[in-house]
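Good morning, colleagues. Please bring up the model on the screen, and I shall go through selected points of its backbone and fold.

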Amino acid sequence: MHPGNQSGTSSGSSSRNSSRNSSGNRELFVSPFPHQGPLSADQVRGREALIADLVERATMRRVTALLGPRRFGKTSVLRKVESILAEAGTSVIWIDLYETRSTADLVVRLDDALNNTRGSIREKATAIASSMSVNLGMFKLEFARPASKRPNAEAALHLMLDLLVKAATSHPTVIIIDEFTGINGVNGAAALLRTKIQHHVQEVGLLFAGSEPTAMAAMFTDVSQPFYAQADIVEIEGFSPADLNEIVAEGFANTDRDPGELASLVHQFTEGHPYRAMQLADATWRLTEPGEAATAATWAAALAQVRQSTGPGLETLFSSFSSNTQAVLRAIAGGRNLFGASLELFGTSSGGISAARDRLIDAGTISKELTVTDPLLGDWIKQRFAL
Ligand SMILES: Nc1ncnc2c1ncn2[C@@H]1O[C@H](COP(=O)(O)OP(=O)(O)OP(=O)(O)O)[C@@H](O)[C@H]1O
Ligand SMILES: [Mg+2]
């Protein structure tokens with residue numbers, strides 16, 4: 001997808017920009033800060049060391065799990081890794097397990113993954129599939145048939161995992177499994193995947209990624225889990241001030257604008273949260289004319305716009321939390337101690353607060369150091385509540 005399509009709806013000035021696209025130099029008017037959904041490989045900025053490390057790990061067949069909170073750029077980084085590997089002649093099978101619900105659902109994800117491969121791996125997978133009486137891409141329809149005509153999902157899962165392993169070992173291949181914790185939605189599937197793949201980890205590169213930090217880490221560090229001690233864990237961090245400075249400076253310079261102090265303002269506000277940093281850089285960029293510089297006033301106007309456009313969604317999110325969870329978030333966003341006087345203020349008990357805190361850490365909504373991961377959520381809470 002073109003970056004202009006991704007970010008064009010995020011501000012009121014998009015029509016102004018797109019109307020100029022037809023007449024002026026297009027590059028000047030397409031936002032250099034796309035921020036909706038994962039980026040395509042060519043849109044990924046910075047992260048050079050992490051990308052090089054992941055490429056090397058995949059190439060050296062060191063099984064690796066990439067961990068990080070939501071919207072930190074895991075999928076984007078892996079897309080770049082995928083494109084570098086593909087350029088070097090390695091095939092990539094990309095499996096997305098987001099919210100996998102059942103064995104049949106998992107079979108369809110595997111089928112989709114193989115069906116979406118390109119080049120020689122696709123030819124090999126098709127040939128292996130037909131030797132197993134499978135047509136790639138058929139399971140979505142097969143599982144929609146009346147119950148008496150539907151395939152047995154367990155048998156189909158064994159078949160698809162065998163097919164995956166055969167295809168991947170037929171050619172230099174890296175398997176990327178995004179949203180790996182989704183496999184926990186299907187009883188016994190992680191153990192089965194491990195059984196099928198464990199004798200091939202020297203032949204096939206394996207990269208896992210996931211967004212629920214605690215659940216994802218537990219999959220590789222908890223003795224009772226099938227993938228215990230099966231992967232090195234690599235954590236994706238937020239953008240450092242230097243990374244962000246480079247990204248903002250390049251985006252503005254390439255579109256004939258001057259970022260002024262924007263990078264440090266964005267970093268101060270977001271602490272390097274990649275998605276929020278791009279969203280705020282984009283909003284400020286849209287308010288900066290070609291040939292001009294972003295000023296403190298431009299930043300203030302952009303922040304006000306973003307606060308306004310994200311407020312309703314953040315309010316809905318906040319209202320969906322239990323009262324203990326809301327109390328933890330209010331205390332943390334307000335820089336208060338979680339216990340002591342806060343308990344009386346929020347009318348809660350220490351047991352309830354501890355449990356809510358732990359759940360928020362598990363979900364990645366707050367960090368272990370007790371900061372709100374999404375700076376705009378923290379900001380919304382601070383703006384909304386006096387205490
Ligand atoms: N390397 C990068 N360069 C520029 N922007 C980035 C980069 N990484 C992340 N972003 C910003 O963060 C957004 C989210 O990225 P992405 O979807 O890859 O994150 P994720 O960690 O996979 O998220 P999720 O947890 O929702 O799956 C992107 O749309 C982009 O705005
Ligand atoms: Mg992702």
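E271 is exposed, with a relative accessible area of 62%; the threshold for that class is over 50%. The residue is located in the loop between α13 (262-270) and α14 (274-286). Please bear in mind that we are looking at a predicted model. Most residues other than glycine have a negative phi.

A second residue belongs in this discussion. L370, also not a glycine, has a positive phi near 65°. L370 sits in the loop that lies between α18 (350-363) and α19 (375-384). Its relative accessibility is 31%, so L370 counts as partly exposed.

Let me turn to strand β4, which comprises residues 204-210. How many of its seven residues are buried? Seven of the seven are, and β4 is therefore largely enclosed by the rest of the structure.

Which strands pair with β4? One of them is β1 (residues 64-67), parallel to β4 and paired with it over four bridges. Within that pairing, L67 has G210 of β4 as its bridge partner. Strand β3 (residues 173-178) also runs parallel to β4, and five bridges join the two.

I now move to the chain as a whole. Its secondary structure amounts to 19 helices and five strands.

Of the 387 residues, 49% count as buried. Among contacts with a separation of 6 or more, 74% are between residues 24 or more positions apart.

Finally, the surface and the charges. The chain exposes about 17900 Å², and carbon and sulfur atoms supply 50% of that area. There are 36 positive and 41 negative charges, and their mean positions are 6 Å apart.

Thank you for your attention.

Notes
Residues numbered from 1 in each chain as written. Chains lettered and ligands numbered in written order. Predicted model: local features only at pLDDT ≥ 70, side-chain atom pairs only at ≥ 80, totals over all residues. Heavy atoms only, no water. Buried < 20%, exposed > 50% of the residue type's maximum accessible area, 1.4 Å probe, protein only. Contact = heavy atoms within 4.5 Å. Areas by Shrake-Rupley, 256 points an atom, 1.4 Å probe, with all protein chains shown as cover. Lys, Arg positive; Asp, Glu negative; His and termini not counted. Charge placed at Lys NZ, Arg CZ, Asp CG, Glu CD. Pairing = 2+ DSSP bridges.
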